[in-house]
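Thanks for coming. I will go through a few local features of one model, and you can follow along on the screen.

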Amino acid sequence: MEPQLNVSVADGVATVVVSNPAKRNAMTAAMWRSLPGLLAPLATDAEVRVLVLTGDGETFCAGADISTLREPGDEQQSLAVRAEEALAAFPKPTLAAVRGYCVGGGSQLAAACDLRFAEEGARFGVTPSKLGIVYPSSSTRRLTSLVGPSAAKYLLFSGELIDAERALRTGLVDEVLPAGALDKRVGEFTRVLASRSLLTQAAAKEFADGRTDRDAYWAEEARGSGDTAEGVAAFLERRAPRFTYGV
C-alpha cells in the first residue's frame, strides 16, 4: 500500500488517517506536502464540525520517513512546518487520537491539534537531537506553550520517549484511556463538540492561540449568527440547541 493520508467524513466528524504501515505511519515528503490541500476543503465544508487525526492500526505516527531526509534538509523541514501550520490554523476543533508511537513529526502534528487523547501504552518523543536537526522555532514555541519550558527542554534536549501518563501530567495529552477505549471516547467527545456552537469554538480557538485583534470581528459575527438567541432559548425551553453558525 502506498503511503497516504486517508479522509472520511461521518456525522459531522472528518477523520484523517496517517497510513504508512510498513514504516509505522512515518510521514513521507509527499504526505507532508498533501496535508494542507487536504485540509482546505474540510475547513469550508459545512458538514464538518470537528476533525480527528489518527494513525492506521496501532501506531499514530513514528515521525518523518528518514529515507526522505536525504532530500535537502530545509525543504523537508519547510514541508513539515507548512503541514503543521495548516493543521494548527484549521478553524474548527481538532483532536489527535493517539495509539502507540507518537514521535518526531508525529508529535509535531499532534501538538498542532487542539486536543490530544491517548491510549494507555502510547509513547511520545520529540527526537531532532538524535539526528542533529534544529527543531523549527514555531514548533518549539507550540510545544513550549503546551508543556512549559522545562518539559519542552527535556523532550528536545534528550529525544527520550515518555509514556502517556507523563504526557498527561505535562499537558502534552488531555486524556489517557484504557486499552480498547480510545475510539469510543473519541466518538463520544466529538459528538459533544459537534453539538456545540461553532461560533464559540472558532472564536475561543483564535483567542486561546493568541489572536488579539479580532474582538470586534467576533462580536459582529455573534450579533449576526443567531447562535446566542438559540442557545438562550434552548436553555429556557430545556431542549437541545440547534446552532446554525457555519452551516
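**A loop, a sheet and a helix**

Start with R99, which sits in the loop between β4 (94-98) and β5. Keep in mind that this is a predicted model. Is R99 buried or exposed? Its relative accessibility is 11%, and buried means under 20%, so R99 counts as buried. What is R99 in contact with, once neighbours within four places in sequence are left aside? The residues are T54, G57, E58, T59, F60, E119, A122, L182 and D183.

Next, the sheet. Three strands form an open sheet in the order β5-β7-β8, and the pairing is mixed. The edges are β5 (101-103) and β8 (162-163); each has a single partner strand, so one side of each has no neighbour in the sheet. Strand β7, residues 123-125, pairs with β8 in the antiparallel sense, over two bridges. For R123, the bridge partner in β8 is D163. Helix α3, residues 105-112, lies across β5 and β7, and runs at about 90° to β5.

Last, helix α4, residues 137-147. Which of its residues are buried? They are S138, S139, R142, L143 and V147. These cover an arc of only 150° around the axis, which puts them on the same side of α4. An α-helix has 3.6 residues a turn, so residues three or four places apart point the same way. On the other side of α4, R141 and S145 are exposed. Just after α4 comes G148, with a positive phi of about 90°.

That is the last item on my list.

Terms used: Residues numbered from 1 in each chain as written. Predicted model: local features only at pLDDT ≥ 70, side-chain atom pairs only at ≥ 80, totals over all residues. Heavy atoms only, no water. Buried < 20%, exposed > 50% of the residue type's maximum accessible area, 1.4 Å probe, protein only. Helix = DSSP H or I, 4+ residues; strand = E, 2+ residues; numbered from the N terminus. Arc of directions from axis to C-beta. Pairing = 2+ DSSP bridges. Contact = heavy atoms within 4.5 Å. Axes fitted to C-alpha atoms, helices over the stretch in contact; angles between N-to-C directions.
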